[in-house]
Amino acid sequence: MARVSRKNKILAAIAGRVVVGLINTVKKTSRPIYQPVTFLDDLRAQVPFIFAMWHGQFMMLADVNTREYKVAAMVSRHGDGEIVAHFLRPFGISAIRGAGAGHRKRDRGGAYALRAAVRALEEGTIVAMTADVPPSRPRHAGEGIVMLARLSGRPIIPIAAATSRFFVLNSWSRMTINLPFSDLALVAGDPIFVAADADDAELENKRREVENALNAVTSRAYEIAQATEPTLDTSTSQETSTRNT
């Protein structure tokens with residue numbers, strides 16, 4: 001694992017505290033809307049499961065953790081992974097450090113992370129992970145999430161959160177920063193299982209199923225929040241999108 005400098009660790013810790021503060025403020029000032037209304041009970045019924053989300057849409061999902069079960073998140077060893085690891089801790093979520101190769105074709109700890117995630121699921125821990133792998137095409141599910149489901153026998157549950165007020169960063173994933181005083185929609189899809197004997201063709205079918213399901217719950221979350229879903233066009237430096245009040 002690449003060493004993180006002391007300076008970068010300090011900066012990541014500060015940034016992590018800022019993000020935690022923003023998440024807590026959004027939660028306290030926003031009106032939550034769950035779909036289905038049995039959202040949390042449906043998740044409890046599938047523990048341990050693979051908590052799937054899109055990379056640019058995960059900010060408010062950390063707060064879904066009810067503290068009833070152990071939760072671990074797959075987090076990159078590099079870049080913003082250090083910040084993510086810091087802001088997850090106050091929500092009771094540990095980090096599994098590693099990431100897929102993406103289009104760079106160079107393993108960045110993905111094999112280790114996959115093994116660690118399988119062990120965590122076997123021990124009853126919920127594993128959260130983004131289905132798309134940076135810096136590849138956003139909202140394009142990678143193979144890692146369906147491979148984890150095949151190896152562990154545990155279901156993938158697509159989950160999305162959206163707020164009526166937000167802005168979007170000019171990042172590869174169009175990272176969404178949720179804002180206070182919003183309607184906060186949280187949507188979960190049906191569990192997706194992958195057979196232990198799934199061949200390459202079936203893995204591709206399941207990968208597409210995960211991708212389609214995540215796009216569906218994400219669009220539904222924005223619809224419930226009465227907000228315009230961010231586009232994936234990164235040609236502009238920054239997009240601001242809020243609901244008129």
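**Where H4 meets H5**

In H4, Leu 114, Ala 117, Val 118 and Leu 121 meet Gly 144, Met 147, Leu 148, Leu 151 and Ser 152 of H5; contact here means heavy atoms within 4.5 Å. Sorted by class, that makes seven nonpolar residues, two polar ones and no charged ones. For the classes, Ala, Val, Leu, Ile, Met, Phe, Trp, Tyr, Cys and Pro count as nonpolar, Asp, Glu, Lys and Arg as charged, and the others, Gly among them, as polar.

Before going on, a word on the source: this is a predicted model, where local features need pLDDT of at least 70 and side-chain atom pairs count only at pLDDT 80 or more, while totals for chains, interfaces and linings use all residues. Residues are numbered from 1 along each chain as its sequence is written, and side-chain values use heavy atoms, with hydrogens and water left out.

Now the geometry. H4 covers residues 110-122 and H5 covers residues 144-152; their axes come within 10 Å and cross at roughly 45°. Those axes are lines fitted to C-alpha atoms, for helices over the stretch in contact, and angles run from 0 to 180 degrees between N-to-C directions. The two helices, H4 and H5, are therefore oblique to each other. (Under 35 degrees counts as roughly parallel, over 145 as roughly antiparallel, 65 to 115 as roughly perpendicular, and the rest as oblique.) H4 passes H5 in a right-handed crossing, that is, the near helix is turned clockwise from the far one by less than a right angle.

Let's step back to the chain. There are six helices and ten strands, which are DSSP runs numbered from the N terminus (H or I, at least four residues, for helices; E, at least two, for strands). Of its 245 residues, 49% count as buried, meaning under 20% relative accessible area, with exposed over 50% and partly exposed in between (1.4 Å probe, protein chains only). Among contacts with a separation of 6 or more, 73% are between residues 24 or more positions apart.

Helix H3 (residues 81-88) has seven of its eight residues buried, so it is largely enclosed by the rest of the structure. Its buried residues include Glu 82, His 86 and Phe 87.

Ala 195 is partly exposed, at 40% relative accessible area. In sequence, Ala 195 and Ala 149 are 46 residues apart, yet in space they are 8.1 Å apart, C-alpha to C-alpha.
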